[in-house]
Amino acid sequence: MLSLRLLKPPIFAGARSTLAPANAATPRACLSVDVRTADQSKPGVAVGSQEVMEAEGRVLVGTYKRPPVVLYSGKGCKLYDPEGREYLDLYSGIAVNALGHGDPDWIRAVTEQARTLTHVSNAYYSIPQVELAKRLVACSFADRVFFSNSGTEANEAAIKFARKFQRFSFPEKKEPATEFISFTNSFHGRTMGAVALTSKEHYRSPFEPVMPGVTFLEYGDIQAATKLVHSGKIAAVFLEPLQGEGGILSATKEFLQSLRGACDDSGSLLVFDEVQCGLGRTGYLWAHEAYGVFPDIMTLAKPLAGGLPIGAVLVTEKVAASIKYGEHGSTFAGGPLICNAALAVLDKISKPEFLSSVSNKGQYFKELLTKMLGKNPHVREVRGSGLIVGVELDVSASPLVDACRNLGLLIITAGKGNVLRLVPPLIISKQELEHAAEVLLECLPVLDGSN
């Protein structure tokens, strides 16, 4: 007779296999406002937040220092934990969920494609991939597209394309240009090439030696950048037109124009990393449109597929011409399911009226924050473009982030930990932005240390 023996205890002891309403838990509160407690009309889950957090500590590699919040469901700009507590989302999964949570057109695109075809690899043609590439080319500077699965993979491809372009375009050179310029406060990813382009040392140092040949210059230093580009050693210049992780820092038009000119003179490529600032986040479809300066390569990812993993490298024909069959590839990239989801996102984001609403709401939000928070001695500056907004403080922003979370507002930091990064879904309403500003104002006293 066959007998079964349980080798390990279940991850969630006592968890049931079916969903059931959970008992509402009383949240901890900060100051005078409380996180909204469970709405009994919303389904809960049999597994509680504490069980999930304890299980995570046993089975996942400890690469993330998470706050004590388990997110179970979402709708619009709201998120809910297993006990039904409600949070206003002003971080969008780190600028990913541009259409919020549960957008009906996105859901329709995903479910219909899942019924039709999910994955075939890049060994064959697929319709959604070609359609998405056509759309991206039609609404950008680019002539061709390469798909990947993430932003860091997109930047890895851009590194490879830049080096191959130099060898292909200048075959007479005994030593083709292979080096790169990146800038202070930059973030380009965590894989070995992309992290080599990322300025924060703590991302690189545990894994050294990383890819050699990268020089970091001061973001905005025209003289230093143009001088090094003209050395003839630079394959490509990588930069974000608006730095997100770096602290919501915008380039100047003069800086980008000077880089464009230097690259044209020397044969180096100009690469814009718009993984976070692209696709409508600034109120322009592409952040670089605000400057009238166009790259040779642009990398995209975060919001493109509405929360599903995707990256894209948009290139000019001269770059694409240097890449031959088999020189780069991916098993999963550009799959039918992912690309159909991305088409639904791009259809909405690229509409002029949608972009105009992002710009208007972003300006309103900045003015509101300046008015409500600007007189606080800890607030140095409110800056940004569209709905990527930073509030720079003269102290660590972490206590304020924690206090806001206890009041039901989810935000994250940037820069050196002293900048609030506010990147809500692009569909957020002015009323929700006003509520966020009120919570921030309510929580500001925690920065004094005694509250």
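# A guided tour of the predicted model

Begin by selecting Gln129, which counts as buried because its relative accessibility is 18%, and the cut-off for buried is under 20%. The model you are looking at is predicted, so please read each value on this tour as computed from that model. Gln129 sits in helix H4, which covers residues 127-138. If you display its surroundings and leave aside residues up to four places away in sequence, you will find that Gln129 touches Asn122, Phe147, Ala333, Gly334 and Cys339.

## The whole chain

Now zoom out and show the protein as a cartoon, in which there are 14 helices and 17 strands. Of its 451 residues, 51% count as buried. Among contacts between residues at least 6 apart in sequence, 72% join residues that are at least 24 apart.

## Helices H3 and H11

Two packed helices are described by the angle between their axes and the distance between the axes. Select helix H3, residues 104-116, together with H11, and look at their axes, which come within 9 Å and cross at roughly 155 degrees. That angle makes H3 roughly antiparallel to H11, since angles over 145 degrees count as roughly antiparallel. The crossing in which H3 passes H11 is right-handed. To see where they meet, show Asp105, Trp106, Ala109, Val110, Gln113 and Ala114 on the H3 side, and Pro336, Leu337, Asn340, Ala341, Ala344, Val345 and Lys348 on the H11 side. Sorted by class, this contact of H3 with H11 has 9 nonpolar, 2 polar and 2 charged residues.

## Helices H12 and H14

Next, select helix H12 (residues 352-373) and helix H14 (residues 430-443), which pack at an angle of about 25 degrees with their axes 10 Å apart. H12 is therefore roughly parallel to H14, and H12 passes H14 in a right-handed crossing. Show Lys361, Tyr364, Phe365, Leu368, Leu369, Met372 and Leu373 in H12, and you will see them meet Lys430, Leu433, Glu434, Ala437, Glu438, Leu440 and Leu441 in H14. The classes represented in this contact of H12 with H14 are 10 nonpolar, no polar and 4 charged residues.

## The nonpolar cores

In soluble globular proteins, nonpolar side chains tend to be buried together. Which residues touch the most other members of the largest nonpolar core? Among the 67 residues of that core, they are Leu369, Leu400, Leu422 and Leu440. Helix H11, residues 336-349, supplies the largest share of this core, with 9 residues. Centre the view on Leu369, which touches Gly374, Val382, Val389, Val391, Leu422, Ala437 and Leu440 when residues up to four places away in sequence are not counted. A second, separate core has 26 residues, including Phe161, Phe180, Met211 and Val313.

## Helices H8 and H9

Move on to helix H8 (residues 222-229) and helix H9 (residues 253-266), whose axes come within 9 Å and cross at roughly 10 degrees. H8 and H9 are therefore roughly parallel to each other. On H8 the contact is made by Ile222, Ala225, Thr226 and Val229, while on H9 it is made by Glu254, Phe255, Ser258, Leu259, Ala262, Cys263 and Ser266. The residues of this contact of H8 with H9 divide into 7 nonpolar, 3 polar and 1 charged.

## Backbone details and a loop

Most residues other than glycine have a negative phi, and most peptide bonds are trans. With that in mind, select Ala95 in helix H2, residues 92-95, and check its phi, which is positive and near 65 degrees. Ala95 counts as buried, at 1% relative accessibility. Ile248, which has a positive phi near 60 degrees, lies in the loop between strand E8 (242-243) and strand E9 (249-250), and Ile248 is buried with a relative accessible area of 1%.

Then look at the peptide bond from Glu208 to Pro209, which is cis with omega near 10 degrees; Pro209 is found in the loop between helix H7 (201-204) and strand E6 (214-217).

Finish at Pro176, in the loop between helix H5 (151-169) and strand E5 (179-183). From C-alpha to C-alpha, Pro176 and Lys164 are 9.3 Å apart in space, and they are 12 residues apart in sequence. Leaving out residues up to four places away in sequence, Pro176 touches Gln166 and Arg167.

Methods: Residues are numbered from 1 along each chain as its sequence is written. This is a predicted model: local features need pLDDT of at least 70, side-chain atom pairs count only at pLDDT 80 or more; totals for chains, interfaces and linings use all residues. Side-chain values use heavy atoms; hydrogens and water are left out. Axes are lines fitted to C-alpha atoms, for helices over the stretch in contact, and angles run from 0 to 180 degrees between N-to-C directions. Helices (H or I, at least four residues) and strands (E, at least two) are DSSP runs, numbered from the N terminus. Angles under 35 degrees count as roughly parallel, over 145 as roughly antiparallel, 65 to 115 as roughly perpendicular and the rest as oblique. A crossing is left-handed if the near helix is turned anticlockwise from the far one by less than a right angle, and right-handed if clockwise. Contact means heavy atoms within 4.5 Å. Ala, Val, Leu, Ile, Met, Phe, Trp, Tyr, Cys and Pro count as nonpolar, Asp, Glu, Lys and Arg as charged, and the others, Gly among them, as polar. A nonpolar core is a set of buried Ala, Val, Leu, Ile, Met, Phe, Trp, Tyr and Cys residues joined through side-chain atoms within 4.5 Å. Buried means under 20% relative accessible area, exposed over 50%, partly exposed in between (1.4 Å probe, protein chains only).
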